[in-house]
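User: Please take a close look at the aromatic rings in this structure. Which rings pair up, and what sits over them?

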Amino acid sequence: MLAVTLALGIASWFQPAHVYDGGRFCAMPHADRRRLIGKRVRLRANGHRSWCYVIGNGPFVGGRVIDVSPMVRDELRMRDAGVAPVRVDY
(Lines give C-alpha, C1' and ligand atoms only; values in the text may rest on other atoms or scores of the structure.)
Protein backbone atom coordinates (compact mmCIF):
# COMPACT_ATOMS: atom_id res chain seq x y z
CA MET A 1 0.00 0.00 0.00
CA LEU A 2 1.35 3.38 -1.00
CA ALA A 3 1.45 6.08 1.70
CA VAL A 4 0.96 9.75 0.92
CA THR A 5 2.71 12.23 3.22
CA LEU A 6 0.18 14.81 4.40
CA ALA A 7 2.39 16.90 6.65
CA LEU A 8 5.84 17.33 8.14
CA GLY A 9 6.11 19.51 11.20
CA ILE A 10 5.50 19.72 14.92
CA ALA A 11 2.98 17.58 16.80
CA SER A 12 1.52 18.47 20.17
CA TRP A 13 -0.87 16.60 22.44
CA PHE A 14 -4.18 17.46 24.05
CA GLN A 15 -6.38 16.04 26.78
CA PRO A 16 -9.82 15.48 25.21
CA ALA A 17 -13.12 15.25 27.00
CA HIS A 18 -14.07 11.97 25.31
CA VAL A 19 -12.13 8.82 24.47
CA TYR A 20 -12.61 7.08 21.12
CA ASP A 21 -11.12 3.75 20.01
CA GLY A 22 -9.17 3.33 23.21
CA GLY A 23 -7.76 6.84 22.94
CA ARG A 24 -6.05 6.53 19.56
CA PHE A 25 -7.14 9.77 17.90
CA CYS A 26 -5.88 13.13 16.66
CA ALA A 27 -6.94 16.44 15.14
CA MET A 28 -5.52 18.11 12.02
CA PRO A 29 -5.94 21.59 10.53
CA HIS A 30 -8.19 21.64 7.47
CA ALA A 31 -9.35 18.06 8.12
CA ASP A 32 -12.78 18.82 6.66
CA ARG A 33 -11.35 20.22 3.44
CA ARG A 34 -9.21 17.12 2.91
CA ARG A 35 -12.11 14.89 3.99
CA LEU A 36 -9.95 13.26 6.65
CA ILE A 37 -12.39 13.24 9.56
CA GLY A 38 -12.99 9.60 10.46
CA LYS A 39 -9.94 8.44 8.50
CA ARG A 40 -6.85 6.80 9.93
CA VAL A 41 -3.39 8.38 9.58
CA ARG A 42 0.05 7.01 10.44
CA LEU A 43 2.50 9.09 12.45
CA ARG A 44 6.27 8.77 12.75
CA ALA A 45 8.30 10.59 15.39
CA ASN A 46 11.42 9.90 17.42
CA GLY A 47 11.97 6.64 15.55
CA HIS A 48 8.55 5.34 16.64
CA ARG A 49 5.29 4.81 14.77
CA SER A 50 1.66 5.10 15.76
CA TRP A 51 -1.67 5.59 14.07
CA CYS A 52 -4.79 7.53 14.98
CA TYR A 53 -8.24 8.45 13.74
CA VAL A 54 -8.80 12.09 12.79
CA ILE A 55 -11.75 13.28 14.87
CA GLY A 56 -11.72 17.00 14.10
CA ASN A 57 -9.92 20.18 13.25
CA GLY A 58 -6.99 21.56 15.22
CA PRO A 59 -4.41 22.34 16.46
CA PHE A 60 -4.91 26.03 16.90
CA VAL A 61 -1.30 26.90 17.71
CA GLY A 62 0.80 28.29 14.88
CA GLY A 63 3.39 25.93 13.43
CA ARG A 64 1.74 22.73 14.63
CA VAL A 65 0.52 20.17 12.07
CA ILE A 66 -1.35 17.74 14.34
CA ASP A 67 -2.64 17.32 17.90
CA VAL A 68 -2.58 13.80 19.32
CA SER A 69 -4.23 12.07 22.26
CA PRO A 70 -2.20 11.03 25.33
CA MET A 71 -2.09 7.40 24.13
CA VAL A 72 -0.51 8.39 20.81
CA ARG A 73 1.82 10.82 22.61
CA ASP A 74 3.12 7.95 24.74
CA GLU A 75 3.57 5.63 21.74
CA LEU A 76 5.59 8.31 19.92
CA ARG A 77 7.68 8.96 23.05
CA MET A 78 6.99 12.71 22.98
CA ARG A 79 9.18 14.03 25.77
CA ASP A 80 9.37 16.96 28.17
CA ALA A 81 7.64 19.79 26.32
CA GLY A 82 4.96 17.50 24.85
CA VAL A 83 5.90 18.34 21.27
CA ALA A 84 7.90 16.45 18.66
CA PRO A 85 8.82 16.65 14.98
CA VAL A 86 6.45 14.33 13.17
CA ARG A 87 5.61 12.93 9.74
CA VAL A 88 1.90 12.33 8.99
CA ASP A 89 1.07 9.75 6.30
CA TYR A 90 -2.30 8.68 4.91
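Analyst: What follows goes through the aromatic pairs and then the charges over rings. The model is predicted. A search of the whole structure gives 2 aromatic pairs. A pair of aromatic rings is described by the distance of the centres and the angle of the planes.

Phenylalanine 14 lies in the loop between strand S1 (5-13) and strand S2 (25-27), while phenylalanine 25 is in strand S2. The two residues are 11 residues apart, and their pair links distant parts of the chain. Phenylalanine 25 has 2% relative accessibility, so this residue counts as buried. Phenylalanine 14 has a relative accessible area of 22% and is therefore partly exposed.

Tryptophan 51 and tyrosine 53 form another pair, also edge-to-face, with 5.3 Å centre to centre and 90 degrees between the planes. Tryptophan 51 is partly exposed at 27% relative accessibility, and tyrosine 53 is partly exposed at 31%.

Tryptophan 51 has a further contact: the charged end of arginine 40 sits over its ring, 4.6 Å from the ring centre. Tryptophan 51 thus takes part in an aromatic pair with tyrosine 53 and has the charged end of arginine 40 over its ring. Elsewhere, the charged end of arginine 73 sits over the ring of tryptophan 13, at 4.1 Å from the centre of that ring.

Technical notes:
Residues are numbered from 1 along each chain as its sequence is written. This is a predicted model: local features need pLDDT of at least 70, side-chain atom pairs count only at pLDDT 80 or more; totals for chains, interfaces and linings use all residues. Side-chain values use heavy atoms; hydrogens and water are left out. Rings of Phe, Tyr and Trp (its six-membered ring) pair if their centres lie within 6.5 Å; planes under 30 degrees apart count as stacked, over 60 as edge-to-face and the rest as tilted. Helices (H or I, at least four residues) and strands (E, at least two) are DSSP runs, numbered from the N terminus. Buried means under 20% relative accessible area, exposed over 50%, partly exposed in between (1.4 Å probe, protein chains only). A charge sits over a ring if NZ of Lys or CZ of Arg is within 6 Å of the ring centre and within 35 degrees of the ring normal.
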